[in-house]
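Reader: Please show me the model. I want to ask how each label was reached.

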Amino acid sequence: KKFRPWEVKRVRTTCPHCAVGCQYDLLVKENRIVGVDAAPGSPTNEGLLCVKGRFGSYQFVHSGDRLRHPLIKENGAFRRASWDEALDLVASRMKGIQEQYGRDSVGGFSCSRATNEDNYAFQKLMRAGLGTNNVDNCARVCHSASVHGLATTLGSGAMTNPMADITEDVDVILLVGSNPTEAHPVMGARIRRAVRRGTKLIVVDPRKIDLTEGCALHLQIKPGTNVAFANGMLNVILSEGLEDRDFIQNRTEGFEALREIVAEYTPERVGEICHIDPDGLRAAARMYAAARKAPIIYCLGVTEHSTGTEGVMALSNLAMAVGKLGRSGCGVNPLRGQNNVQGACDMGALPYQYPGYQKVTDPAVREKFEKAWGLPLSPNDGLTSTEMLALSARGERIHGLFIFGEDPMVSDPDTAHVRRALENLDFLVVDELFMTETAQLADVVLPGVSYAEKEGTFTNTERRQMRVRKAVSLEGEMRQDYDIFAEVETRLGHPCRYESAAAIYDEIASLTPSFGGLSHARLDAGEDLAWPCPAKDHPGTPILHVGKFARGLGWFYPARYRPSAELPDGDYPLMMVTGRMLYHYNTRAMTGRAEGICQVVNESYIEISSRDAAALGVAHGDRVKVSSRRGELETTARVGDKVGDGEVFMTFHFPDGNVNKVTNAVTDDIAHIPEYKVCAVRVSKLG
Ligand code: SF4
């Protein structure tokens with residue numbers, strides 16, 4: 001560390017990577033961040049940080065390749081522009097497109113890395129400024145299945161219980177499609193500590209993950225078979241009389257329809273579908289049902305499927321059948337991905353809902369927002385981001401797009417499809433920190449600011465409100481993102497100006513019942529608040545559905561197993577599974593600029609089983625080509641036993657071998673979430 005303790009100012013804020021929301025101090029010397037220190041006693045991280053938070057979360061702020069002034073593309077090249085020129089152009093082009101093609105010919109992708117306040121301002125720009133509900137955020141491609149699934153069955157599309165529940169007091173943890181030691185490392189540490197102290201862990205995952213070591217049971221299910229697995233668990237529970245009849249009777253509806261379907265999923269049949277031992281399934285069902293406290297924790301291994309929403313609902317069926325909801329140490333707990341992906345959804349960066357999941361089609365709700373914002377609003381549901389891209393790729397309906405802090409060219413499935421969609425647009429504006437692959441395709445690029453240069457809040461995976469505080473001001477013409485949106489909105493004919501992030505948060509509270517009691521002042525006074533927090537004297541709600549579900553009665557959704565959209569065949573004989581790794585975060589916009597992290601790992605790889613590698617003549621470390629019906633890439637083989645035979649695994653972190661060149665953009669038909677987790681590929685040795 002190149003500083004002495006008394007030389008630095010400490011600014012308490014929130015890690016910008018994953019949705020655990022670790023609290024730490026940015027250490028600032030002479031307007032430069034020189035390090036971070038974990039906040040002692042923080043309820044989210046208890047003084048811990050992972051390698052990404054400690055060594056890869058601030059260097060990008062001062063990176064020399066930050067965008068520092070607006071850019072306009074002319075004759076295929078960017079030139080520097082003034083703010084007035086760039087903002088006028090954005091407003092006039094978007095308006096012109098709407099005049100030519102109609103109000104809903106434009107859309108916006110908001111940013112799940114940005115604050116609640118920025119997300120609120122962005123969706124307001126789309127709705128009040130442009131008059132469309134075509135606004136979405138990248139939850140669409142990670143946890144939209146959780147938002148839709150849990151809202152449908154329980155009434156609230158969010159994690160039901162706090163992370164602090166995960167102690168040795170929990171008897172069993174059912175971990176499904178989640179690799180927390182890599183993707184949510186501080187949560188992974190909590191689980192590991194509980195297991196060391198006696199909690200039994202059931203891992204349901206196609207790969208051997210770190211937590212498989214020391215677990216009570218690993219069900220290495222075939223990717224894409226979660227619904228069959230959950231129905232199989234229920235089959236055992238019901239046939240052995242392990243269900244909670246009182247809970248089912250008093251707190252739920254739809255049980256009989258589910259019972260009929262579940263009867264089809266005998267352990268033997270599920271064993272065949274999921275490629276697991278039927279006795280392993282029986283053991284897992286008995287262990288989970290008999291436990292006094294047993295949370296289900298899940299992640300993208302459940303959601304990112306063409307049956308993702310049904311996978312989520314099948315897990316909530318399971319928890320309801322044994323009465324493990326509405327109390328400490330239980331629940332259905334999606335680990336949200338990005339730092340503020342929960343908040344981006346909460347703030348209404350969604351095509352069907354205003355802030356707080358209030359429906360855009362509800363006349364009373366719409367009237368409230370029309371009154372507050374002072375103009376009529378669209379009564380129609382908007383389009384999801386995956387729908388907007390699919391339409392634009394076909395040259396239909398969507399002609400203008402405003403992308404805030406997202407890089408779909410790297411993060412979305414089937415890169416060729418995304419390129420086609422973005423290149424087909426008449427006008428693309430991107431608000432970014434860096435010249436990303438998506439920004440390179442834009443007509444106008446606007447420089448925003450990072451988490452270390454702004455005030456605001458993130459909502460972590462537990463619905464907890466976390467303060468984000470400004471630590472540095474950088475040289476350049478960058479602007480607060482909410483100011484950018486207000487300026488565009490004003491130029492579109494709807495005057496808008498925000499005094500501060502705190503004032504925006506107050507506006508959110510005034511329009512959003514579940515945020516009604518929240519304010520920066522309460523958070524700054526040290527209050528620890530998770531929504532719903534409807535009143536100024538309300539203590540927040542760490543556990544949802546206590547005594548009553550948010551929708552009244554919990555609903556058993558009758559889900560049947562359906563295979564993934566694209567399965568291996570003679571041409572593409574291996575099943576590709578995608579995921580994350582410990583050292584890097586998503587598109588690497590942040591961790592890719594941390595030298596120490598890049599020294600550890602900075603290139604792509606493919607995991608392949610020893611048997612498959614031998615059959616292909618591939619050795620550990622060989623360069624290989626990976627191809628699918630959509631594209632191909634080159635990468636390096638890691639041969640071992642982490643993946644099962646017939647399956648391979650890659651991440652999308654690295655530009656040299658981004659797995660999204662081969663993934664499938666097919667989506668589930670409820671939440672429109674893409675099937676990142678299963679596609680068919682061929683692997684061949686290079687050279
Ligand atoms: Fe940041 Fe997540 Fe690591 Fe915590 S666990 S330090 S929030 S990346």
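**Labels and their cut-offs**

Author: Begin with Arg 397, which sits in the loop between helix 16 and strand 16 (400-404). Helices (H or I, at least four residues) and strands (E, at least two) are DSSP runs, numbered from the N terminus. This is a predicted model: local features need pLDDT of at least 70, side-chain atom pairs count only at pLDDT 80 or more, and totals for chains, interfaces and linings use all residues. Residues are numbered from 1 along each chain as its sequence is written.

Reader: What is the phi of Arg 397?

Author: Near 65 degrees. That is a positive value in a residue other than glycine.

Reader: Why is helix 16 called roughly perpendicular to helix 18?

Author: The axes of helix 16 (residues 385-393) and helix 18 (residues 415-424) cross at roughly 75 degrees. They come within 7 Å. Axes are lines fitted to C-alpha atoms, for helices over the stretch in contact, and angles run from 0 to 180 degrees between N-to-C directions. Angles under 35 degrees count as roughly parallel, over 145 as roughly antiparallel, 65 to 115 as roughly perpendicular and the rest as oblique. So helix 16 is roughly perpendicular to helix 18.

Reader: Which residues of helix 16 and helix 18 meet?

Author: Leu 389, Ser 392 and Ala 393 in helix 16 meet His 417, Val 418, Arg 420, Ala 421 and Asn 424 in helix 18. The test for contact is that C-beta atoms, placed from the backbone, lie within 7 Å. By class, this contact has four nonpolar, three polar and one charged residues. Ala, Val, Leu, Ile, Met, Phe, Trp, Tyr, Cys and Pro count as nonpolar, Asp, Glu, Lys and Arg as charged, and the others, Gly among them, as polar.

Reader: What makes strand 4 and strand 18 a pair?

Author: Strands pair if DSSP finds at least two bridges between them. Strand 4 (residues 71-74) and strand 18 (residues 444-447) have two bridges, in the antiparallel sense. Ile 72 has Val 444 as its bridge partner in strand 18. The open sheet has seven strands in the order 5-4-18-17-16-6-7, with mixed pairing.

Reader: What makes strand 5 (77-80) and strand 7 (135-136) edge strands?

Author: Each pairs on one side only.

Reader: In what order do the strands of the closed barrel run?

Author: The six strands run 22-26-23-25-24-27, with mixed pairing. Neighbouring strands are turned by 45 degrees against each other on average, direction ignored. Strand 23 (residues 606-609) and strand 25 (residues 632-640) pair in the parallel sense over four bridges. Ile 608 has Val 639 as its bridge partner in strand 25.

Reader: What is the omega of the cis bond between Trp 531 and Pro 532?

Author: About 0 degrees. Pro 532 is in the loop between helix 21 (520-524) and strand 21 (554-555).

Note on methods: Contact = placed C-beta atoms within 7 Å.
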